[in-house]
Amino acid sequence: MAIRVRAEPFTYVAHALGVVAAVMVLVWCIHFRGGLAFASQTNKNLIFNIHPVLMLIGFIIIGGEAIIAYKALPGRKEVKKVIHLVLHAIALILGIVGIYAAFKYHNESNIANLYSFHSWLGIGTICLYGIQWVYGFLVFFFPGGPQTLRRESLPWHVVFGLFVYILALGTAVLGFLEKLTFLQSSGLAKYGPEAFLVNFTSIVTILFGTFIVLTVISSPPGVTDDFSYSAI
């Protein structure tokens, strides 16, 4: 299944939204939240700040760019496959480091782990993402499955990948909501600049994910596209 619309305009918008989202989360965590640090004796919040930065820039934005690599980049299919694989690996690694930062912050601040719906979804999503990457590596890259297996797996690989990515988007937005709720409960102004920045970052994140999905399901009219949805 593909909408008969050219993918290129969607990729341009996705790239722009990705840059905007990255800048917004960095402004939030560095300007409003004080900066980033893997270790801090005086301000443990600096450790936590690594979590939203890596999860958004790494897991969501780089992961999204990996998904649309086949349509956003010129060149041969084999080169695009490698870029797709490498970008997903980077997204997965940064996502794992981002989750580690959240656990480290909780442990050093004597806060319980895995008590919220956001954390449950996050762990589930990163596990599914890892399974998807390993399966894609083994079947489509090395050692590579039989031609029949690859042909039959491709539409499922695309659908499952989009499902995991949409799950990641939902988890990210829940994370912004959860953190903003905690901050507002601690006295942050509900209509202040930081609250607006977090909410608008969530909106831009949703829009970025929307254009990633639109890119995947679009294709130039009259051109066969091996990387869009096909009948399952």
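Modeller: What follows is a set of questions and answers about this structure, which is a predicted model.

Biologist: How far apart are the end C-alpha atoms of residues 82-103?

Modeller: UniProt, again in an unreviewed entry, lists residues 82-103 and residues 123-142 among those it marks as "transmembrane region". The span 123-142 is 95% helix and 0% strand, with its end C-alpha atoms 27 Å apart. The span 82-103 is 100% helix and 0% strand, and its end C-alpha atoms lie apart by 32 Å.

Biologist: Which residues does tryptophan 28 contact, leaving aside its neighbours within four places in sequence?

Modeller: Once the neighbours within four places in sequence are left aside, its contacts are Arg33, Pro52, Phe176, Lys179, Leu183, Glu194, Leu197 and Val198.

Biologist: Are H2 and H7 roughly parallel or roughly perpendicular to each other?

Modeller: The axes of H2 and H7 come within 9 Å and cross at roughly 20 degrees, and the crossing is left-handed. The contact is made by Leu56, Ile60, Ile61, Gly64, Glu65 and Ile67 of H2, together with Thr201, Thr205, Phe208, Ile212 and Val216 of H7. Because angles under 35 degrees count as roughly parallel, the two helices H2 and H7 are roughly parallel.

Biologist: How are H2 and H5 placed relative to each other, given that they pack at an angle of about 40 degrees?

Modeller: The axes of H2 and H5 are 14 Å apart, and H2 passes H5 in a left-handed crossing. Where they meet, His51, Phe59 and Gly63 belong to H2, while His118, Thr125, Ile126 and Tyr129 belong to H5. With an angle of about 40 degrees, H2 and H5 are therefore oblique.

Biologist: Is threonine 201 buried or exposed?

Modeller: Threonine 201 is found in helix H7, and, leaving aside neighbours within four places in sequence, it is in contact with Ala21, Met24, Val25, Leu56 and Phe176. Its relative accessibility is 2%. Because the cut-off for buried is under 20%, threonine 201 counts as buried.

Biologist: How far is leucine 138 from alanine 14 in space, C-alpha to C-alpha?

Modeller: Leucine 138 is found in helix H5, where, at 42% relative accessibility, it counts as partly exposed. Not counting residues up to four places away in sequence, leucine 138 touches Pro143, Gly144 and Gly145. Leucine 138 and alanine 14 are 124 residues apart in sequence, and their C-alpha atoms are apart in space by 29 Å.

Definitions and conventions. Residues are numbered from 1 along each chain as its sequence is written. This is a predicted model: local features need pLDDT of at least 70, side-chain atom pairs count only at pLDDT 80 or more; totals for chains, interfaces and linings use all residues. Side-chain values use heavy atoms; hydrogens and water are left out. Contact means heavy atoms within 4.5 Å. Axes are lines fitted to C-alpha atoms, for helices over the stretch in contact, and angles run from 0 to 180 degrees between N-to-C directions. Helices (H or I, at least four residues) and strands (E, at least two) are DSSP runs, numbered from the N terminus. Angles under 35 degrees count as roughly parallel, over 145 as roughly antiparallel, 65 to 115 as roughly perpendicular and the rest as oblique. A crossing is left-handed if the near helix is turned anticlockwise from the far one by less than a right angle, and right-handed if clockwise. Buried means under 20% relative accessible area, exposed over 50%, partly exposed in between (1.4 Å probe, protein chains only). UniProt positions are given in the numbering used here, feature names are shortened, and annotations may be inferred rather than shown by experiment.
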